[in-house]
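Please have a look at the structure first, and then we will go through the contacts together.

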Amino acid sequence: MTDHAALELEHVTLRIGGAHILKDVSLSVPEGEMLGVIGPNGAGKTTLFNIVSGVLRPTEGAVRLAGADVTTQPVHRRAAAGLGRTFQTSSLFPALDVLENVRLAAQVREGRAASVFRTPRRTDAATRRALAALEEVGMAQRAGAGASGLSHGEKRKVEIAMLIAMEPRVILLDEPMAGVGSADVPALTEVIRGLHRGGRTVLMVEHHMDVVLGLADRVAVMHHGELLAADSPEAVMANPTVQSAYLGSAA
Amino acid sequence: MDTLVLLLITGLGLGALYFLVASGLSLIYGLMGVLNFAHGAFLTIAAFLGWEAGRRISDGTWTGLAISALVGILVGATVAVLTEVLIIRRLYERHIEQALVTVGISLAAVALFEGIWGTDPIYTDRPAWLTQTTEILGARIPNDRFLLIACAVLVLGGIVLFLRRTRYGLIIRAGVENRHMVTALGIDVRRSFTLVFAIGGAAAGLGGVLASVYYGYVSAHLGSVLLIFAFIVTVIGGLGSLTGAAIASVLVAVLQQFANFYLGGTGDLVVVVLLAAVLLIRPRGLMGKAA
Amino acid sequence: MTAKSLRLVIGGILLVVALAILPLLAIDVPGVLPGPTYTPGTLQLLAFALLIAALALTYRMMFGLAGLLSFGHALFFAAGAYGLAMTLEAFGPAEWPSALVFTVAIAATLVLGFVLAATVGALALRVTGISFAMVTLAFAQAGSVLIRRNPGSATGGDEGLALDTAHVPPELVGVVDTRNLYWVALGILVLVYLIVLWVEKSRAGHVAEAIRENELRVRVIGIRPYNVKLLVFIAASVLASVAGMGYLLLQSGAAPRIATADFTLTLLVIVVLGGVGARWGAIVGGIVYTLLDQRLTALAGSDAIAALPDILRVPLSEPLFILGTLFVLVVLFLPGGIAGLPARIATGRKQHPAEPEETVDA
Amino acid sequence: SGGGDADGADAAPVAIGMITSETGPLAAYGEAYVAGFEAGLDYATDGTGEVDGRELEITWEDDQGNPDTAVAKAKDLIGQGTKVLAGTVASGIALSLAEQAEQNEILYVSGPAAADAITGVNEYTFRSGRQTYQDVATAGTFIGDPAGKKVVVFAQDTAFGQGNLAGVEAVLGGQGADVQGVLVAEDATEFTPFAQQLIDADADLVFVAWAGASSGAMWTALQQQGVFESAPVVTGLGDVATYQAYGDASGDISFLNHYFGGAAGTDIEDEMITRLEEAGAVPDLFSVDGFVAAQMIVQAVREGGDDVDAMIEALEGWTFESVKGEVTVRAEDHALIQPMYQVRLVEGADGWAPELIETIDAETVAPPVVG
Amino acid sequence: MSGPVADEPILSVRNLYGRIAGQQVVEDVSFDVPATGVTALLGRNGVGKTSTIKSILGLIDRSGEVRLAGERIDRAPTHRIVQRGVAYVPEDREVFGSLTVAENLRLAERDRSPRRELVASLFPDLEARREQRAGTLSGGQQQMVSLARALVNENRLLLVDEPTKGLAPRIVDEVADALAEAARTAPILLVEQNLLVVRRLAERVVVLSSGRVVFTGSAEELLDDHDRVQRFLGVHDEREAA
Ligand SMILES: Nc1ncnc2c1ncn2[C@@H]1O[C@H](COP(=O)(O)OP(=O)(O)OP(=O)(O)O)[C@@H](O)[C@H]1O
Ligand SMILES: Nc1ncnc2c1ncn2[C@@H]1O[C@H](COP(=O)(O)OP(=O)(O)OP(=O)(O)O)[C@@H](O)[C@H]1O
Ligand SMILES: [Mg+2]
Ligand SMILES: [Mg+2]
C-alpha cells in the first residue's frame, strides 16, 4: 500500500479521570477531502482535533499522517510536517501586529523559522507570502494593526491567513464561522473553499449547517465521544439520530 | 536516638514558623496571583510594633506575649490592607507589576526599619517557660517549638475552614481568574481581595511575633530571611495550596535540619536542590492545581 | 523607514562618540556627578553605570523580549567576574606571556559562562512561569551559597576575591587608568547592545516575542519554543558574564553580593524603572539607578538632611527607602517606565496594559 | 610615586580619605569607629586638626557595607589627590581598599576589619585594630597549658568563623591542643542539635566565634541543652549592643575582649572617653580602632609629609602610648601588637555589663610574623 | 420598588462614548431599550456592539448618560449596576474555568430564592456535569453555563452578547426558546449574528456602524427591507446568515 490516506485515526480512545471522552474513534480521511465534523456541544469534536494536532495524547489508539505514525510526536513536529489548525477561540499573538503574526507562520514554511541569522525584511519571501495570505482573506489593509485590537471576526480571518501562509497539507478548522458576522460568512466560506481547492485535506468542525453542507465532501457525526457516521452530506442529514440529537427543528 | 528526636521536633518547629509565613503568602498568591515580596515587611513591622507594645505593657510575661501577638496580628492585617487598597488595587490583573511594586515596598520598608530601629538586632524577653525545655524520649526540646507548632496548626485549620465554609472562598477563586466577570455577576470583588490581604497580613503578623520569640530578637531583616524560605515552601507545596504549603514546610525544615547536622551544614543547598528537583519533576509543586 | 533607521544609526554613533570623549572633557554636573568627567572617581562611577546598563540590557532581552522572568540572572554576572578572577589565578603560574594568559583566561571564562548557561537553561526551561523563576532562583541560590562557602578557598567567601593583577594589562590597573576602564565598559555596553539588537531583530527574536504571548500557538505553527527560549537564555547569560568580566576589572575584585537574589531583584527594578518596552530603557534605567544610588547616599550623609526633624530625616537618610519608594511610584504612575515617557507625553494619555491573553481551549 | 615637593607644599592641607560603613549592616560598628577617630584626631593634634601647621583635610565616605561602593569612593578620593586612606569594618572591603592602596601607591590604615589576611597583605597597608589571631590567642590563655587538652571551636561557616578555627588550630593546636571544629552554616537558624554535638564532644574548652543576629538563639540553645555544665565556654565580647544577647547564659561565659569602656584604665583612655562623651557617644568595642587610626595618621603625616615611602617608614616599628596602653606597629608585617582583655559579664541595674578579669600582655598574643 | 411606567424605557443610553486602550470604540451612541420584549443590537463585525454593552456595564472606560428605569447608572461601578437587576452574558462565555459548574452557578446566585429548577430544566446537560471543572467543558457547554448564570436570578434587564455562537443547531433552538421565555419576565438587549434568531425573538432593532447608531426601528421593518439589510449588515438574504 503506497497510497496512504492523508489522516488516519485508529481506535482512538481518550479518558480523563473517570470521563470517557472519546470512544474508539476510527476514521480515514483521503488526500484532498473536505470533511465536515458535526455533533452536539460536548460531543468531542475539539478533543478529536486536539488529539490529531498533538495537544492531547490518546489513551489508546494511533494517529497517522500520510501513513507515518505521529501518535507520540510533539505538536510542533506535526505542524512542521504540514498539519495546520485553528482554535475554537481565536488565538493570535496580541503584542504583534497582523503582518507579523502571519509572517511567523510563513517563516515556518521557508524553514529556519527561528534562526538568529535571519532578519525579517519588508521585501523577503516570507513577508510577501504573508501579505498574499492576508490579501486572500481580505485583511491586507489591516496588516499594520495590532492583533489585540481586532474584532472577533477579524481575528478569525487573520488566523486563516496564518494557515494559508503555512501551506499545510492537512488543515483542522475548529468552528471557523463562530462569531463571524453574517456579512462575512460567504466571503470566508470562499476562503475556506480556496484552502481546499489547492488539493489540501481539510477537517472542519462547524455548527453552521449551510456552510458544512455547502463545502464538505463528507460529513462525520460525533455524539457522546463516538463517531456515529461518516457519510455523504445527504445521507447524514437523513440520519434520524442526527436529526433528533443535533439538528432539532432547525433542519 | 535522642539527636534524631531533637532534629525531628525542632525541624517541625521550624517548619511551623515557615508555614506561618508561607500561609499568607500562599493565600495571597493562590487567590490573587500576587507574588507578594512585601510579605516579609508585613512580618517585620508586626514584630517590631508587637515588641514595642509588649515591652511597654508587661515585658517577658505571658500577658506581654499575648499583647505582642495581638498587636502583631492587627498591625500585619492593617499594613496589608493599606498596601492592597493604596497600591496593589491600582494594578489589578497586572500580576507582574504587582509583584514589582511589592519588591519596591520591601526594599523601602527594610531601609525604613533600619532607619527607625537601627541595624542591630534588638533582643527580646519572653515568658520563662518558653526558654525552658521539655524532655521527650531523651531529647530536651525547647518549649517555644510547641507554641509554634500549635499556632501553625490553628492558622492552617482556620484558613482552610474560611475558604471551604464561606462564600468568600468561591468569590476569591473566581476573582483570580476573571475579575471583570465576577463584578459582572454583581459581586464587589475588591472587598474580597482586601479581605484576603487582611488575612494574609494577620498570619504574617502572628508569624512575625512568633519569629521574634523563636530567634530571640527583632531586626529589620527578620522578614527577608524567612521570606525566601516561605517562597520555597509555597512553591514546593504548589502555589495556592495551603495543605501543600504545610506539608512542604515540614519537609523543607526537617530536611534542612538533617542536612545541616549530618551533611556538613548543607541545609540551604539541599533545600534549593529539592526545590529545583520538585519543580522539574512536577512543575505544579506537590499539591498545586493544574494551571 | 530607511531614512528613519539611518537617522537612528547616525544618532547612535554620535551618542557613542560623545560618551567616548567624555573622559577628555571637564564637564561638571553638580548634584548628578561627584566631580568633573575626567576625574577618576566620576569615571569609575560612570563605568560602573555603563556595566550595570549592559547587564540590565541582557536582562531585558530575557524578561522583556521572551517573557522569561528569571530570578537567577546574577549567577551569570557572578560567573563572569569570579570565573575570570579564578582563571587568571589558575593560569597565573604558567610561563606564558601576560597578554596570552589574559586572553586565555577571558576565553576560558566565556566557555564557562556558556556551559553554565546551557546547563541551567536546559533544565530551567523545562518549566514555565513562576516555576521557571523559582528554578532559576534555586540555581542562583546554590551558586551564591557556594561562593560564600568558599570551597577550596577558591572564591574567598564573604571577603570576595581580589583581582590578581600579575597578568592584567597594566593599562587597566590603577586609578590613573580609570579612563581606560571606562572605555572598556563603554565597549562592553556597545557590544552587548549590538548583539541584543541582532538577536531581537532576527527571526528568533520575533518568535521569542510570539512565545511570550502564546506558547501553544507557536507550537501549532510548527516551531519548538524550547529551542528559541534556550537560545535567548544562553545569549543573555553569556553576555551577562561579559559584563561580569568588565566588573571584575573595574572593581579589581569580585564580591559575593553580585551573586545574590537581591542583586537580580535590583536588575529587575532597573529594567522596569527604565521601561521594559524599549532597549534604551534598560540602559537609561541602569545609568539612572546607579547614579541615583550613589547620589542619594551622598544626600543621606549631608548636613541638610541631618538638620531635618526625625520624621523626615530618618526616611531621607536611607537611600534604599527613597529608591524603593521611587520605584513603586514609577510602577504605579509610569507604567512604561522612563522609556514610556515620550509616548505618554505625546499622547497625554494613560497607557493601559495589553489585554490579558486569551485562553486556548485545549 | 611623586614625592612631596619641598617647601611651598608644606602649608597645603593633607587630604585624608576615610571610608567606613555609615549605613548598611555594619553601620553601628562604623559609628563607633568614626567617634573614636574624631576623638583620636582631637587628642593627637591637640584640638587643632593640624600637623605642623598643615591642615588634615578629612573626607568621610560611606561604603554602605558594599565593596563596589567602597572601591568607587576610594578611586574618587585617590583621583582627587588623597594620600592616605583609612577605615572600614568589613574585611572584604578592607582587602579591596588594600588592593587599591597598592595599585595606586598610597597609605592605607585599615579599621576594625579582623581578617588575619590584612596583615602583611602589602607594604602600603597598616592596621589600627586587632586581628582574629589576637582574639584566639587571648582565649588560649584562659586554659593554662593547652597541651593535651581538647578544644572545640563552635563557629559559623563564614570567613570570620573559618578564620577563627584556623586561628585556634594555629595558636592552641600549635601548643599541643587537640582542636576540632563544629562549623554551622551561616543561615542555619536551629542550633539545638549542634549544642548536643558540643556536649557529646566532651571538650575541655569550647571556643565560640559568632557574629550577627543569630547569637541570641545560639546562646539560648547552648544553655538549654546544658553545654555550660559540660565545659568552660569562651567567646569574644562584642559591642555594647550585644551585652544583653547572651541572656541567662551571660554569667557562665568567659569572654575575651578587644576593648570595652573602662577596660584599660590609662590616662589616654580617660582622654578618649571625655571626648567621646562630649560628642554624645559612648566608648565601645571599636572606639579604640578609630582613635589609634587617628594617632597613626598624624604620625605618618608628621614624619612623612606627602611622601608615601616616608610615611611607611614613619610607622614601621613605631611604638606609642594609646588607649590600651603601649602598642607597636610591627615593622615586618604591620601587625598592631597590643594588649587584650579577659572579661566577665555581671548583672547590674541596667542589665548585663562587662567587668575586667585580666589584661593579657601584648607580646603573649602577638601573631606570628607573616611572610 | 415601583414598577416601570409602561412606556418608560428600562434602559436609556444617551451620547455614550467608550474607550479601549485609549482608542474610541463607541462613539456618541444613543438608543432606548423598551421595558418589555427583546431589542436586538446589530451590526457587522467590529462595529462596537460588544463594546457598547461593556460600556453600559462600566467594564470599559465610558462617558455619557445611561439610565436604568430612569436612574443614572453611568457612574456606578459594575457590581452595583448588576445588583440593580442587570444580568450579563458575555461574548466569550467567560466561565470560571477552575471552578466547577455548580460553583459557577452558585457564585452567580444573587437572589434569595434562585431559580435553580428553571436552569436545570433548560440545560439538563449541565445538571449531569455539576462537579466538572468548567474549564474542561466543551465550548457549547460553557455557553450554557454562561447563560445559566444570568437566568438563575430574577432580572430587570438582560444584556446578552451572541448567545448562540458556537452552539449546535438544536441547542440554538433551545437557547432561543430559553431567551423567549426569559423575555417574558425581563426585557433583553441582544447582540446576535443569526438573523433567524433575531427575527424570531426581537421586536426592535438598533443597528450600529463604526461605533454609531445608524438605524433604530422595528425588527420587521429592517429585516423585510432587503436594501437596508444589505446596506447595514451586508447580507442579501437572511437565510444565508443562519
Ligand atoms: N478533564 C475533563 N474531565 C471531564 N470531562 C472532560 C474533560 N475535558 C473535556 N471533557 C468533556 O469532553 C467532552 C468533549 O469536549 P469537546 O470540547 O471536544 O466538545 P466539542 O464537540 O468540541 O463541543 P463544542 O461544539 O461545544 O465545542 C465535553 O463533554 C467535555 O465536558
Ligand atoms: N482590546 C482592544 N484593544 C484595542 N481595540 C479594541 C480592543 N477590543 C476591541 N477593539 C476595537 O473595538 C472595535 C469594536 O469591537 P467590538 O468587540 O465591540 O465589536 P463587535 O461589534 O462586538 O464585533 P464582533 O461582531 O466581531 O463581536 C473593534 O474594531 C476593535 O478593533
Ligand atoms: Mg469544540
Ligand atoms: Mg462582539
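An oxygen atom of ligand 2 lies 3.3 Å from a polar backbone atom of Val47(E), and oxygen atoms of this ligand also lie 2.9 Å from a polar backbone atom of Gly48(E) and 2.8 Å from one of Lys49(E); a polar contact here is a pair of N or O atoms within 3.5 Å, and within protein one must be able to donate a hydrogen and the other to accept it, while residues adjacent in sequence count only if both atoms are side-chain atoms. This is a predicted model, in which local features need pLDDT of at least 70 and side-chain atom pairs count only at pLDDT 80 or more, whereas totals for chains, interfaces and linings use all residues. Residues are numbered from 1 along each chain as its sequence is written, chains are lettered from A and ligands numbered from 1 in the order in which they are written, and side-chain values use heavy atoms, with hydrogens and water left out.

Ligand 2 sits between chains A, C and E, and 21 residues surround it, meaning residues with a heavy atom within 4 Å. Among the closest are Thr50(E) and Glu91(E).

Which residues are the protein donors of the magnesium ion, ligand 4? They are Thr50(E), through OG1, and Glu91(E), through OE atoms, lying 1.9 to 2.6 Å from the ion; donors are N, O and S atoms within 2.8 Å of the metal (3.2 Å for Na, K and Ca), and water is not among the atoms, so sites may look incomplete. Both Thr50(E) and Glu91(E) are buried, that is, under 20% relative accessible area with a 1.4 Å probe, counting protein chains only.

Key. Buried < 20%, exposed > 50% of the residue type's maximum accessible area, 1.4 Å probe, protein only.
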